[in-house]
Amino acid sequence: MPFVRSSTKPTLLNIIIIQVIVVHCFLSQVCVVKGDIGTEQKTEKLIIGVPRGATFKNFVKISPSSNNPNEKNYTGFCIRVFEEVQKKLDYVIPYEFVEFTGSSYNDLVANVANKTYSAGVGDITILADRWDKVEFTAPFTESGLSMVVPMKPSPKAWIFLDPFTMGTWLATAAVLVYTMFIVWFVEHRSNPEFSGPWKDQLGNALWFTLSSLFLVHREKIQSNYTRIVVVVWLFLALILTQSYTASLTSMLTIARLRPKISSPAKIGCDYATFMQKYVQDVLNYKNVKLIGSEDEYLREFESGNITAAFLEIPDAKVFVNKHCRKFTIIGTTYRFGGFGFIFQKGFPLVANVSKAILQISEDGTLKKLEEEWLTPNKECLDSQATTVNVDSLSLRSFWGLFLFSTATSSISFLLFLGHLVKDYWRHQSSEVASIDRSNESVSIKTVTVARYLMNAEIGSPWRSSPSSNWAVPGTEVCSTHLDCRNQRQH
């Protein structure tokens, strides 16, 4: 029995120890699941490689510390994004930035893959061949490749046609011709300014209508109907001329630029291996010059060594924003993965970091960082405020005025025509007693009415009397063209 008791106590003790170990391991595993990282990794400092050779310093800039020359200051858009991501995590992870001096971003990826670095932070493009080596977070920038080209002033030979669209020009011409017809039809009957041969009548009417746009016309108007039509036309002409002048002035004073590119003799792109391969093999640009910095891009453009450059969308925006008066982005965007952070393969921190990137994107933090680091400088902002192309004024801007002018002219014409027909029938009824027209055919009557309506020497009783300021002296009422001709002979 003593043996049994002595053998039983160690067994119970072993069971208790095993249970404690199991509970401890279970609690440790719960901690791992909740935090997505191991307890031992919480205390480890992450060694993060930061590329020194970033083409655009807005994304990553490494400079000596002012307090300690042996230390480095890490700034830029990518660094700030990583710092904001850390604030969104539920735990604090110690990390240290280390300057990576390798020759390419592929080397940085390889150093993270072989565990020289725990992670990499910078303008690192997400690519398929890198995906198998490291863990990428969600992208925090737009993805794609864009072409940047220099710009030159647009030609101004035909700029005087740009203030109005083609529809507006055609509508203006149509209303002008219609107004000219109404003025001629009403005035040519008794106004000597619009009488005479057909060519003179139409020429005077056209001159009167056109000159009203720019000059004080010398022709006198006698009909009140014409006055109404011309007043509305002058109002329309005033709005059109003022709008045209304002739009043309804006187009002449605002710098309007257009891309300057034909068939590129030489294309510039980053030293990134994937970009050179894509531009040469996929886009079929064989003459490619590799460029390593923003300043070098500018020098190559100014010297004419390159006529265009392919840059990733974030880089292209930064470059164009800094040199907004000289360059622009054109063409199709060729999609890539965007910029992301990299970690060792299987590292459990990636999911939380990706979630944090989405959070700062949704709450506007990422947008604020873009405005801080990637937006144009003040000069370019002022330039963009004044170099936006002025849109041509379309028919939609004036359709109400055109409709009002056309309706006024039409109503005046119909009223005038009604008075004219009424006058004609009054004279016809006065001649019934002396002339028998019952045997005249319909065609003869139609010709008689047409001659009456088109007779330029017929006076109308609803016009002002000959003694008024705008009556035509010597005009008398005659019922037919033959009567008027007889009056001229006498």
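**Around Gln 344**

Mentor: Happy to! Leaving aside neighbours within four places in sequence, Gln 344 is in contact with Val 112, Lys 115, Tyr 117, Ser 118 and Glu 135, where contact means heavy atoms within 4.5 Å. Keep in mind that this is a predicted model, in which local features need pLDDT of at least 70 and side-chain atom pairs count only at pLDDT 80 or more, while totals for chains, interfaces and linings use all residues. Residues are numbered from 1 along each chain as its sequence is written, and side-chain values use heavy atoms, with hydrogens and water left out.

Trainee: Is Gln 344 buried or exposed?

Mentor: Start with its place: Gln 344 is found in the loop between β13 (342–343) and α12. Helices (H or I, at least four residues) and strands (E, at least two) are DSSP runs, numbered from the N terminus. For accessibility, buried means under 20% relative accessible area, exposed over 50%, and partly exposed in between (1.4 Å probe, protein chains only). With 14% relative accessibility, Gln 344 counts as buried.

Trainee: What is the order of the strands in the open sheet?

Mentor: Strands of a sheet pair through backbone hydrogen bonds, either parallel or antiparallel. Two strands are taken to pair if DSSP finds at least two bridges between them. Here the pairing is mixed, and the five strands of the open sheet run in the order β4-β1-β5-β13-β6.

Trainee: Which strands stand at the edges?

Mentor: Look for strands with a single partner strand, because one side of each is then left without a neighbour in the sheet.

Trainee: Which residue is the bridge partner of Ile 48 in β4?

Mentor: β1 (residues 46–51) is largely enclosed by the rest of the structure, because five of its six residues are buried. β1 pairs with β4 (residues 95–100) in the parallel sense over six bridges. Within this pairing, Pro 51 stands opposite Phe 100, and the bridge partner of Ile 48 is Phe 97.

Trainee: Which residue of β5 does Gly 49 stand opposite?

Mentor: β1 also pairs with β5 (residues 119–120), in the parallel sense over two bridges. In that pairing, the residue opposite Gly 49 is Gly 120.

Trainee: What angle does the direction of α3 make with that of β4?

Mentor: Helix α3 packs on the sheet, where it touches β1 and β4. Axes are lines fitted to C-alpha atoms, for helices over the stretch in contact, and angles run from 0 to 180 degrees between N-to-C directions. On that scale, the directions of α3 and β4 make an angle of about 165°.

Trainee: How do the residues of the contact of α3 with α12 divide?

Mentor: From α3, Val 81, Glu 84, Val 85 and Lys 88 meet Val 353, Ala 356, Ile 357, Gln 359 and Ile 360 of α12. Ala, Val, Leu, Ile, Met, Phe, Trp, Tyr, Cys and Pro count as nonpolar, Asp, Glu, Lys and Arg as charged, and the others, Gly among them, as polar. The residues of this contact divide into six nonpolar, one polar and two charged.

Trainee: Which residue forms a salt bridge with Glu 99?

Mentor: A salt bridge is a side-chain nitrogen of Lys or Arg within 4 Å of a carboxyl oxygen of Asp or Glu, and by this rule the count comes to 10. For Glu 99, the N to O distance is 3.9 Å, and the partner is Lys 72.

Trainee: How many residues apart in sequence are the parts tied together by that pair?

Mentor: Glu 99 lies in β4 and Lys 72 in β3 (residues 72–75). Lys 72 counts as partly exposed, because its relative accessibility is 36%. The pair therefore ties together parts whose separation in sequence is 27 residues.

Trainee: Is Glu 84 buried or exposed?

Mentor: Glu 84 meets Arg 80 in a salt bridge (3.2 Å, N to O), and both lie in α3, four residues apart, about one turn of the helix. Arg 80 is partly exposed at 21% relative accessibility. Glu 84, with a relative accessible area of 13%, is buried.
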